[in-house]
Amino acid sequence: MSIRAPIYNPEPFMQGDTWTLSLQVLDNNGAAKDLTGYSAKYMLKTKPGSTALLSLTSTPAAGIVITAATGTIALTVTSTQSAAFAFNKAKCHLTLSSNATPPVVQTLFHGEQEVYSRIAV
Amino acid sequence: MKLVISETVNDIPVVTEKENTILIADFDAGAGAVPLSTVTGKGSLIVATADGAVDELVVGTDGYVPVADSGEATGIKWIPTSGLVSSDVSGWTNPSQTWAYASSTTMTVPSGAASIYRVGDKWKLTANSVVLQGYIIAVADTQLTVVGDALTNHVFSDNYYSHSNPVGFPDYFNVVPSMAVANFDDGSGGQATVVKAFITIVGRRLHGRISASGTKAGTNTNLFIIAATQFGPILAANYSGVALIGIYSRAGVDFGTVSYVAATGNIVSTGASIADNTVIADASMDFSFEI
């Protein structure tokens, strides 16, 4: 069964670690979806409407790389960024937008990102 | 659409693809959707013009309904409900085709009439604002032969037929028979005075009555002699060897029989001999035969 805006909770990681999430978009036949013209955005917030704790985008290039031909979206939180995380749990949200006017926006997943505090960074 | 997710922390895989294949609603749902701008007004329909192509079918006139028409760009057109083949509680059926005047007893119809109409059906149409009705007595591929009201040379509209007994259809139709004056006349060699003459058709059986007043011409046993074809295309073969097809009465004088004479095609009343010049005030002949 297909669902809209599925919940996906990324694996917890240690504050100060580098975290990468690679996501491939496939059609129902299992073929990679051509993401030419699409852009992605990943955000962490403590709650909806609050100031973003982290914002990754593909356009402009800031932490997200889209490989259109393979339908791949790669998110990277650098160790510097994660070291600055002063939270243990945050709401996460990854969206994909087309270049149509207005853009077609779809949430690929949303969930909760957990970060373990490091004793010493 | 599926998402295959893998995660790593410090280059160490922490999540496998298997665990994170997520089915989500197709992202293309929006991109491939029919734009709202396709329709421009109330009542418009979105129809396919080809494989993977759609267009707008602008709303039709009030009361019209869409029907398939491969000749249209959209494959659909609007037509009035009066153009549909329909039968209502009145018993009349709209054939959705045009009838045209050919003669007072024939009309031209589209090819294939035999698959729609049959002998004995009722018909109704409007010609020059006058409603005409009658029976179908012969069906050819493109022509109907009728009795009842005489057809007039006008455009026909509101044409209907019925296999049954529709509301408003007359119980009978008057006819003007032509009788053989050699046996029955007005005393001067003209047609006897017709008091009543009508026919009705039930199924394929034609029933008729003729009542007339006049004078016997010649001394013999026959009074009414009338060509059967005046009323309908009698199935003569069905009457071979079957003499009696009706009754004949002359009040207070005689009772006789009515026969079909195949050799002449006539319907003939026969009774006791009647003297020449006998004045006959009320002779009647009933007949019934298959058409």
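The model described here is predicted.

In chain A, 5 strands make up an open sheet of mixed pairing, ordered β1-β8-β7-β3-β4. Strands β1 (13–14) and β4 (52–57) of chain A have a single partner strand each, so they stand at the edges with one side lacking a neighbour in the sheet. Within this order, β3 (residues 39–45) and β7 (residues 89–97) of chain A are antiparallel and share 7 bridges. One of the bridge pairs joins S39(A) to S97(A) in β7(A).

Backbone geometry is the next topic. Most peptide bonds are trans, and most residues other than glycine have a negative phi. The table lists exceptions in both chains.

| Site | Feature | Value | Location |
|---|---|---|---|
| T59(A) to P60(A) | cis peptide bond | omega near -5° | P60(A): loop between β4 and β5 (64–67) of chain A |
| T101(A) to P102(A) | cis peptide bond | omega about -10° | P102(A): loop between β7 and β8 (105–116) of chain A |
| N128(B) | positive phi, not a glycine | about 55° | loop between β12 (122–127) and β13 (130–139) of chain B |
| N277(B) | positive phi, not a glycine | about 70° | loop between β23 (266–274) and β24 (279–290) of chain B |

N277(B) counts as exposed because its relative accessible area is 55%, and exposed means over 50%.

Another asparagine of chain B, N159(B), belongs to strand β15 (residues 156–162). Is N159(B) buried or exposed? With a relative accessibility of 10%, N159(B) is classed as buried, because the limit for that class is under 20%. A polar atom of the N159(B) side chain lies 2.8 Å from the backbone oxygen of Q97(B). Beyond four places in sequence, N159(B) is in contact with T93(B), N94(B), P95(B), Q97(B), T98(B), W99(B), K124(B) and L125(B).

D69(B) is placed in a loop of chain B, between β6 (64–68) and β7 (76–80).

On the surface of chain B, a nonpolar patch is formed by V34(B), V39(B), I46(B) and V54(B), whose accessible area together is about 270 Å². V54(B), one of the patch residues, sits in strand β5 (residues 53–57) of chain B. V54(B) has 41% relative accessibility and therefore counts as partly exposed; that class lies between the buried limit of 20% and the exposed limit of 50%.

Technical notes: Residues numbered from 1 in each chain as written. Chains lettered and ligands numbered in written order. Predicted model: local features only at pLDDT ≥ 70, side-chain atom pairs only at ≥ 80, totals over all residues. Heavy atoms only, no water. Patch = residues over 30% accessible without salt bridge, like charges linked within 9 Å, V, L, I, M, F, W, Y side chains within 5 Å. Areas by Shrake-Rupley, 256 points an atom, 1.4 Å probe, with all protein chains shown as cover. Salt bridge = Lys/Arg side-chain N within 4 Å of Asp/Glu carboxyl O. Helix = DSSP H or I, 4+ residues; strand = E, 2+ residues; numbered from the N terminus. Buried < 20%, exposed > 50% of the residue type's maximum accessible area, 1.4 Å probe, protein only. Pairing = 2+ DSSP bridges. Polar contact = N/O pair within 3.5 Å; in protein donor to acceptor, adjacent residues only side chain to side chain. Contact = heavy atoms within 4.5 Å.
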